[in-house]
Amino acid sequence: MMHYEVAVIGGGIAGYTAAIRSLQAGKKTVLINQGQSALHFSSGSIDVLAKLPDGSAVTHPFDALDALQQQAPSHPYNTVGRSTLQKGLEWFRQTLATANVPLSHQDDLANHGRITPLGTLKATWLSQPFVYQHRQEVSFERIVVVSIDGYRDFQPQMLKDNLHQHPDFQGVPIHTVTLSIPGFDGYRRNPNELRSIDIARLLKHDAAWTALCDGLMRAANRNDLVIMPAIMGNGDGLTLLTKLRDTTQLQFHEVPTMPPSLLGIRIEEALSRTFLLLGGIHLKGDKVVNGTFDGERLVSLQTQNLRDMAISADNYIMATGSYFSQGLHAEQHAIQEPIFGLQVTHKPARVDWRNPAFFADRSHPFMAFGVETNAQLNPQRSGVTIKNLYCCGSMLSGYDPVFEGCGGGVAIGTAYHAIMQCLEPQLSASHPNPFDQEVLA
């Protein structure tokens, strides 16, 4: 049997947050995840709270937490609390900055608008360096939307048409331009398939890079905002974007496209590097299939690859995600947590799982189904609270990460809260956490 002080199940934002913080506190930590996380499908920004459950828009997410508690008493933010949420987010921001993926927010802690690939504005809180943070005032003369000839995962005309309908951009000229970059033929898997990661590889070649720079400088000037699909990757995307900005003297806004999302991959790679540099053990491509319990404690885990070689730990953090990541499983008349059979909150009648209209002005109930926990984020199994198992992230009940725009904040806040439950006796004695003294002003 392999023994660790902390075992983390799940390799998304929540899992990495708990695992990295555990390593920083000197705990022997293992991270088990079965494959690519939902970060490969993400925007690369961190949402904290964009809407209240009644649909009201939120401008300052931390100031809206009192209203959120009134409307949604079981929301995970009410368990975490404002102070821990802010500490966790600041810790995450500094951790990513150390890993060369700086994230920034508005000085007054307000949300900013991120222009999406569809040409809509989505409220978010932390964004990467080459994401334009919109706050009503437009400081550029034109918008130039750039597409790459042969790249089908980005539709500039749709972005232009939708963005023009937003009141803040109706008076701003928006132009589209298609740039041709030599050398694509060797990167096509078939005549109709060219992905962002293929373009990222091609731009390593001098001829392709020069063609991109020349085309951009012909299409735009330094008074424009240039919107481009995220095509800078392979571990050095931000370095290449800085080089592109310095070469062309243009202002850029990256938008994520169809998976893989290079902005999301940047965050995942930064978290993975940090975890490994701190000495973490990563069982990547493995899957927890069962556990052994003794009363109120989880004693050990069994994984698909290790088979009869169990993994034991003093504490376990579970961050297996929701339906997409198979952290929750929907059957005909029930929602289940498939690994340990933890207690899940859901409506018993399937007809009550959704709204009558798919496109509704309120959240679909099934989005708020998930694992029920106490204030320490301990779940129940067969009516027994498991005191050394902590659940976090999108497997939790009580909120809709899509409708409310709070997925990243809940992942970071609950994971930070969960790992602090494990570390608190040690930290208070001899390993104080510097972030516990830092609350955002």
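User: How many aromatic pairs does the structure hold, and what makes two rings a pair?

Analyst: There are five aromatic pairs. Rings of Phe, Tyr and Trp (its six-membered ring) pair if their centres lie within 6.5 Å; planes under 30 degrees apart are stacked, over 60 edge-to-face, and the rest tilted. This is a predicted model, in which local features need pLDDT of at least 70 and side-chain atom pairs count only at pLDDT 80 or more, while totals for chains, interfaces and linings use all residues. Residues are numbered from 1 along each chain as its sequence is written, and side-chain values use heavy atoms, with hydrogens and water left out.

User: How do you know whether Tyr16 is buried or exposed?

Analyst: Buried means under 20% relative accessible area, exposed over 50%, and partly exposed in between (1.4 Å probe, protein chains only). Tyr16 has 2% relative accessibility, so it counts as buried. Phe275, at 0%, counts as buried too.

User: What makes Phe62 and Trp125 an edge-to-face pair?

Analyst: Their centres are 5.2 Å apart and their planes are at 90°. Phe62 lies in the loop between strand E2 (29–33) and helix H2 (65–71), and Trp125 in the loop between strand E4 (121–124) and strand E5 (142–148), so the pair ties together parts that are 63 residues apart in sequence. Phe62 is buried at 3%, and Trp125 is buried at 1%.

User: Which charged residue sits over the ring of Phe293, and what is the test?

Analyst: NZ of Lys or CZ of Arg must be within 6 Å of the ring centre and within 35 degrees of the ring normal. The charged end of Arg381 sits over the ring of Phe293, 4.1 Å from its centre. Lys28 lies over the face of Tyr4, at 5.1 Å from the ring centre.

User: Why are strand E6 and strand E8 said to stand at the edges?

Analyst: The open sheet of four strands has the order E6-E5-E7-E8, with parallel pairing. E6 (174–179) and E8 (251–255) each have a single partner strand, so one side of each is left without a neighbour in the sheet.

User: How do you know that E5 and E6 pair?

Analyst: Two strands pair if DSSP finds at least two bridges between them. E5 and E6 have six bridges, in the parallel sense. Ile148 stands opposite Leu179 in E6. Four bridges join E5 to E7, which run parallel, and Arg142 stands opposite Asp224 in E7. E7 and E8, also parallel, are joined by five bridges, and Val226 stands opposite Phe252 in E8.

User: Why is strand E7 called largely enclosed?

Analyst: Six of the six residues of E7 (residues 224–229) are buried, so the rest of the structure largely encloses this strand. Asp224, Val226 and Met228 point one way, while Leu225, Ile227 and Pro229 point the other way. In a regular strand the side chains alternate between the two faces of the sheet.

User: Which residues of H8 are buried?

Analyst: They are Gly237, Leu238, Leu240, Leu241, Leu244 and Thr248. They cover an arc of only 160° around the axis, which puts them on the same side of H8. The arc is that of the directions from the helix axis to the C-beta atoms.

User: Why is Arg307 called exposed?

Analyst: Arg307 has a relative accessible area of 65%, so it counts as exposed. It lies in the loop between strand E11 (297–303) and strand E12 (311–318).

Definitions and conventions: Helix = DSSP H or I, 4+ residues; strand = E, 2+ residues; numbered from the N terminus.
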